Amino acid sequence: MEHIINLHIEKLPENVYVATSADVQGLVVQGRTIEETIEYAHDVARKILEAQAQRNQPITLAEATYPIKHNLVVSV
């Protein structure tokens, strides 16, 4: 099953990006680019949710429905 996880991404003065999520407790990742940060967040979120499932903890995220709106950041 696919779920929607909202990310909060900040650019730090050190020119790195940090992503957190109020939807998934413990999700904190850092990357050199937005794309890398999102990729890391995807991997960490999946691992956290898999661990919850193994402990029989309910996953309380919204189920993904389509179409999905997604912001695209492009530098020119």
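Predicted model: local features only at pLDDT ≥ 70, side-chain atom pairs only at ≥ 80, totals over all residues.
**View 1. An open sheet of three strands, with antiparallel pairing.** The strands follow the order S1-S2-S3. Strand S1 (8-11) and strand S3 (28-31) form the edges, each of them pairing on one side only, and the twist from one strand to the next averages 20°. Strands of a sheet pair through backbone hydrogen bonds, in either a parallel or an antiparallel manner. Here S1 and strand S2 (residues 17-20) are joined in the antiparallel sense over four bridges, and Lys11 has Tyr17 of S2 as its bridge partner.

View 2. Apart from neighbours within four places in sequence, Ala41 is in contact with Leu7, Leu27 and Val29. Ala41 and Thr20, although 21 residues apart in sequence, have C-alpha atoms 8.0 Å apart in space.

**View 3. The largest nonpolar core, made up of nine residues.** Its members are Ala19, Val24, Leu27, Val29, Ala41, Ala45, Ile48, Leu49 and Leu61, and H1 gives the most to this core, with four residues. Val24, one of the core residues, is in contact with Ile5, Ile48 and Leu61 when its neighbours within four places in sequence are left aside.

**View 4. The salt bridge between Glu36 and Arg32.** The structure holds two salt bridges, and in this one the side chains of Glu36 and Arg32 meet at 2.7 Å, N to O. Glu36 counts as buried because its relative accessibility is 15%, whereas Arg32, at 61% relative accessibility, counts as exposed.

**View 5. The salt bridge between Arg46 and Asp43.** The side chains of Arg46 and Asp43 meet at 3.3 Å, N to O. Because Arg46 and Asp43 are three residues apart in helix H1, about one helical turn separates them. Arg46, at 39% relative accessibility, counts as partly exposed, and Asp43, at 28% relative accessibility, likewise counts as partly exposed.

How values were computed:
Residues numbered from 1 in each chain as written. Heavy atoms only, no water. Contact = heavy atoms within 4.5 Å. Pairing = 2+ DSSP bridges. Helix = DSSP H or I, 4+ residues; strand = E, 2+ residues; numbered from the N terminus. Axes fitted to C-alpha atoms, helices over the stretch in contact; angles between N-to-C directions. Core = buried A, V, L, I, M, F, W, Y, C linked by side-chain atoms within 4.5 Å. Buried < 20%, exposed > 50% of the residue type's maximum accessible area, 1.4 Å probe, protein only. Salt bridge = Lys/Arg side-chain N within 4 Å of Asp/Glu carboxyl O.
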